[in-house]
Amino acid sequence: RTLACVNAAAVDTTLLKLADAIFKMVDRVAAADSKQEDLVALLNYAHFLQTTATVAPHIAPALRERRKLALGKFRGAKERYVGAVVSKYFKRLVDFASLLDRLHREHPLEEVPRQAGASVSEFRKISNDVSSLVEKTITQMHKHVAKHMEQGTRVHQDIWTACKDHVISRYNVLESIARECYPAESSHMLSAGQLRELFKIV
């Protein structure tokens, strides 16, 4: 029994050292490429989590803490990557939604269209852009994500769903406030439900 415990402890120590070495290598490689840092991190930590998913609970309990650490690193890289991708393809929508979100908390609703950058004409431009370009933009964003990770894999599905949810979430904010601040113009805007349906084209 003593020998078995010693061997188990040695295995745990070796696994922890190996995990730590992997994390250091991933972080170093990711940091070396500032443009792809988050992508490199999320893909490698996703791979670590997937390959240790069946090992950690049954064979190596010592890896549980390292899996928690890897999950945190993956989630952080994923959040930054998704934010950057969505901003690249839906920047005007995201920025305008954020602007309205801030203004409607600082001013009465009827005064929001009088604030800089939130005029009726600005809203009309955003609304028209979304209606006319959103299908093309969704396809472009999907190609961007697919270029970085194999389609159909768990990580690809996870990242694409996060991108889709991020866009729809910001559009929900835009639609909700626009209905109150721009009642006439917003009656012609694309609904969040219609946007959700358009994401099914890819």
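Helices here are DSSP runs of H or I with at least four residues, and strands are runs of E with at least two, numbered from the N terminus.

1. Ground rules. This is a predicted model, numbered from 1 along each chain as its sequence is written. Local features need pLDDT of at least 70, side-chain atom pairs count only at pLDDT 80 or more, totals for chains, interfaces and linings use all residues, and side-chain values use heavy atoms, with hydrogens and water left out.

2. D38 and its neighbours. D38 sits in helix α2, residues 37-51. Its side chain makes a polar contact with the side chain of R80, at 2.8 Å. A polar contact is a pair of N or O atoms within 3.5 Å; within protein, one must be able to donate a hydrogen and the other to accept it, and residues adjacent in sequence count only if both atoms are side-chain atoms. Leaving aside residues up to four places away in sequence, D38 touches A77, R80 and Y81. Contact means heavy atoms within 4.5 Å.

3. α2 against α5. These helices pack at an angle of about 130 degrees, with their axes 10 Å apart. Axes are lines fitted to C-alpha atoms, for helices over the stretch in contact, and angles run from 0 to 180 degrees between N-to-C directions. The pair is therefore oblique. Angles under 35 degrees count as roughly parallel, over 145 as roughly antiparallel, 65 to 115 as roughly perpendicular, and the rest as oblique. On the α2 side, L42, L43, A46 and Q50 meet R154, V155 and I159 of α5. The residues of this contact divide into five nonpolar, one polar and one charged. Ala, Val, Leu, Ile, Met, Phe, Trp, Tyr, Cys and Pro count as nonpolar, Asp, Glu, Lys and Arg as charged, and the others, Gly among them, as polar.

4. α3 against α5. Helix α3 spans residues 63-106 and helix α5 residues 154-181. Their axes come within 9 Å and cross at roughly 10 degrees. That makes α3 roughly parallel to α5. Their contact has 20 nonpolar, three polar and four charged residues.

5. α3 against α4. The axes of α3 and helix α4 (residues 120-148) come within 8 Å and cross at roughly 165 degrees. The two are therefore roughly antiparallel. Here the contact residues divide into 14 nonpolar, four polar and five charged.

6. Salt bridges. The whole structure holds 13 salt bridges. Each is a side-chain nitrogen of Lys or Arg within 4 Å of a carboxyl oxygen of Asp or Glu. K68 pairs this way with E65, the closest N and O atoms being 3.5 Å apart. Both K68 and E65 lie in α3, three residues apart, about one turn of the helix.
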